[in-house]
Amino acid sequence: MKRKRLLALFAGGVFIAAVMSLHRMLEQGAEPQQEAPAGQGDQDLSRLAQKIDRLERLLSDNNRLVATLRDSLLHPKGDNIGGANVSSAHSPADPLPGCRLADETKGGADEVQLLDVYDRLPFDNPPGGVWKQGFDIRYQGDEWDETPLEVILVPHSHNDPGWLKTFDNYYHDQTKHILNNMLTKLSEDSRRKMIWAEISYFSRWWEELDQKKRDTVKRLLAGGQLEMVTGGWVMADEANSHYYALLDQLIEGHQWIQTHLGVKPSSGWAIDPFGHSPSMAYLLKGAGLSNMVIQRVHYAVKKEFARQQTLEFRWRQSWDSSPLSDITCHMMPFYSYDVPHTCGPDPAVCCQFDFHRLPGGRVFCPWRVPPQPITEQNVQERALLLLDQYRRKSRLFRSPVLFVPLGDDFRFVEPSEWDAQFRNYQQLFAFFQTHPELHVSVRTPSLLPLLLSLKAL
Ligand SMILES: [Zn+2]
């Protein structure tokens, strides 16, 4: 503290001296101009411009001097502040002292500076087999003999508060039915889970609920069957929004949740924003969240992270050399958050495990291989086909825990969709359960917090 006070006094003194000397120089510069004869306007202007340039240089030198002095006081033993030992292309050769970037405190080979990755990647588009911009994922089959593969299935429904329809039209046509069905279908079976992100819709629906239904919602939350994720008023765009707007909608949603539901979200869920911002990660951490899931990242980055098995990471602010701003992040590896792109690398196979697309329905698989209802006759073949996708996907992560979202835009509108998904998946999972030699277990636990704590890096 003593050193800090001394430092503050010293820096203040240097600052005052710098301001006074600048003021004097300005005065000196202004006097002869007043005496200059008329007709020399151009010359005077150019002389003035030169003086301003000089003053700017002096000001910059002064700033540099103050920062250098401050650092020499803070690090008297000559600690390496300048980052000379960092090979990052984004570490300036002669960095301004004072601001110690996280990049300069790189601890191990696993540290990734995203700006370096951008420099390194060619952003080409090589064919990657069924995972179009990826690579062929292989496995031996004995990788899970010691530690079984643990699959965490997370049902979700992405509800844009206004996109092709208005907020109200979406609410009346789809969202209120999704939430009504959620109440019924989760109450029927405690193994069923769901997450919800958009509080603008949830609060709108809540207004219409009687006390009995509100109590059911609270019971589902307490039992871990329903989980509020992110808890923002919307799933905010992170590319164009000012951080104030990001924060404002987050406060709005969190206050509503706290007032009406009495819970606190612990995981972020951002599957549809087009690009992700470190500011959002920072705000989520500041709002008390400890994990987050992101999806729309350039395929070249996903591919690189998949190859390095760094799709799950601790996101650190580039200006923060301490772990205080760190938040655990899971980056989805494939093209989209729909079922064809979340069970594994092959969308043609994964689509067969979206039972909302069973023949006869309104949606179908564009890969022209439809799902089949799971029966006693086909359960083995179907379960092994799905397990193959799970295993391939899991090779992209270091953890034996595999996160598999199950949902899409405005999903679970009709009760039949809930039944189709849960009934068929329960049969597949029952098969895994009765075949320990497959070394796979499937759970829908208290969703993301458990999932991501298991994945703690
Ligand atoms: Zn969306």
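This is a predicted model: local features need pLDDT of at least 70, side-chain atom pairs count only at pLDDT 80 or more; totals for chains, interfaces and linings use all residues.
Biologist: In what order do the 3 strands of the open sheet stand?

Modeller: Strands (E, at least two residues) and helices (H or I, at least four) are DSSP runs numbered from the N terminus, and two strands pair if DSSP finds at least two bridges between them. Strands E8 (401-409) and E9 (440-443) each have a single partner strand, so one side of each lacks a neighbour in the sheet. The pairing is parallel, and the order is E8-E1-E9.

Biologist: Which residue of E8 is the bridge partner of Val154?

Modeller: Strand E1 (residues 149-158) and E8 pair in the parallel sense over 9 bridges. In E8, the bridge partner of Val154 is Pro405.

Biologist: Which residues have the most contacts inside the largest nonpolar core?

Modeller: A nonpolar core is a set of buried Ala, Val, Leu, Ile, Met, Phe, Trp, Tyr and Cys residues joined through C-beta atoms within 7 Å. A residue is buried if 20 or more other C-beta atoms lie within 10 Å of its own, exposed if 12 or fewer, and partly exposed in between, with C-beta atoms placed from the backbone. The largest such core has 78 residues, and those with the most contacts inside it are Met292 and Val404.

Biologist: Is Tyr171 buried or exposed?

Modeller: Tyr171 is found in helix H4, and its C-alpha atom is separated by 7.0 Å from that of Tyr201, 30 residues apart along the chain. Because Tyr171 has 22 C-beta neighbours inside 10 Å, its class is buried.

Biologist: At roughly what angle do the axes of H7 and H8 cross?

Modeller: Axes are lines fitted to C-alpha atoms, for helices over the stretch in contact, and angles run from 0 to 180 degrees between N-to-C directions. Residues are in contact if their C-beta atoms, placed from the backbone, lie within 7 Å; Tyr243, Leu246, Leu247 and Leu250 in H7 meet Ser279, Met280 and Leu283 in H8. The axes of H7 (residues 243-260) and H8 (residues 278-286) come within 10 Å and cross at roughly 35°.

Conventions
Residues are numbered from 1 along each chain as its sequence is written. Two residues are in contact if their C-beta atoms, placed from the backbone, lie within 7 Å.
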